[in-house]
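Here are my notes on this model, point by point. Please read them with the structure open.

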Amino acid sequence: MKELIILIVMMFPEYGRYPDSIEVNGLHGKPLTFTTKEKCADHVNENIDALKGFAMSVYPEAVAVKSILCVEKQKSFIGV
C-alpha cells in the first residue's frame, strides 16, 4: 500500500539554499499520512493557510512557499 506525505518546498531570496523543503509527517502528535493522492490533496486544500504558516515558521527567512506536494513516502534504508 502506498503511503503519501506532504512536502513543502520553500523559495529563498538566494538561489541554491538547501535544505529547501519540509516533510510534514504529523499533526497534533499523530502521524499524518494518506493512502491516496486525492485524500492528501483534500487535506492540503482544507489546511493551506496552516501549512504555509508552519513552513514560514520553520524557515522565516524564506520569501514564500514555492509548492506543496503530496509525494509517496520512501521506505527508510537502514544498513551498513
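1. Start with histidine 28. Histidine 28 is exposed, because its relative accessible area is 75% and exposed means over 50%. The residue belongs to the loop that joins β3 (26–27) to β4 (30–31). Look at its backbone too. Histidine 28 has a phi near 55°, which is a positive value in a residue other than glycine. Keep in mind that this is a predicted model.

2. Now the overall layout. The chain holds 2 helices and 5 strands. Read from the N terminus, the order is β-β-β-β-α-α-β. Along the principal axes, the C-alpha atoms fill a box of roughly 40 × 40 × 20 Å. The chain has 80 residues, and buried ones make up 24% of them.

3. Contacts along the chain come next. Take the contacts between residues at least 6 apart in sequence. Of these, 70% join residues at least 24 apart.

4. Which residues have the most contacts inside the largest nonpolar core? They are Ile6, Ile8, Met10, Val24, Phe34, Leu51 and Tyr59, in a core of 16 residues. Four elements, β1, β2, α1 and α2 (48–58), each supply at least two residues of this core. The largest share comes from β1, with 4 residues.

5. Leaving aside neighbours within four places in sequence, methionine 10 is in contact with Asp20, Ile22, Ala55, Met56, Tyr59, Ala62, Ala64, Val65 and Lys66.

6. Check the peptide bond between tyrosine 18 and proline 19. It is cis, with omega near 0°. Proline 19 sits in the loop between β1 and β2.

7. Serine 21 is in strand β2 (residues 21–24). Is serine 21 buried, exposed or partly exposed? Serine 21 is partly exposed, because its relative accessible area is 28%, between the limits of 20% and 50%. Not counting residues up to four places away in sequence, serine 21 touches Leu7, Ile8, Val9 and Tyr59. Methionine 11 is 10 residues from serine 21 along the chain, and their C-alpha atoms are separated by 9.1 Å.

8. Histidine 43 counts as buried, because its relative accessibility is 15% and the cut-off is under 20%. Its place is in helix α1 (residues 37–46). Apart from neighbours within four places in sequence, histidine 43 is in contact with Ile6, Leu27, Leu32 and Phe34.

9. Threonine 35 is found in the loop between β4 and α1. Threonine 35 is partly exposed, because its relative accessible area of 37% falls between 20% and 50%. Where does it stand relative to glutamate 14? Threonine 35 and glutamate 14 are 21 residues apart in sequence, and their C-alpha atoms are 36 Å apart in space.

10. Last, proline 60. The loop between α2 and β5 (64–72) holds this residue. Proline 60 is exposed, because its relative accessible area is 58%, over the 50% cut-off. Proline 60 and glycine 16 are 44 residues apart in sequence, with 17 Å between their C-alpha atoms.

Key:
Residues numbered from 1 in each chain as written. Predicted model: local features only at pLDDT ≥ 70, side-chain atom pairs only at ≥ 80, totals over all residues. Heavy atoms only, no water. Buried < 20%, exposed > 50% of the residue type's maximum accessible area, 1.4 Å probe, protein only. Contact = heavy atoms within 4.5 Å. Core = buried A, V, L, I, M, F, W, Y, C linked by side-chain atoms within 4.5 Å.
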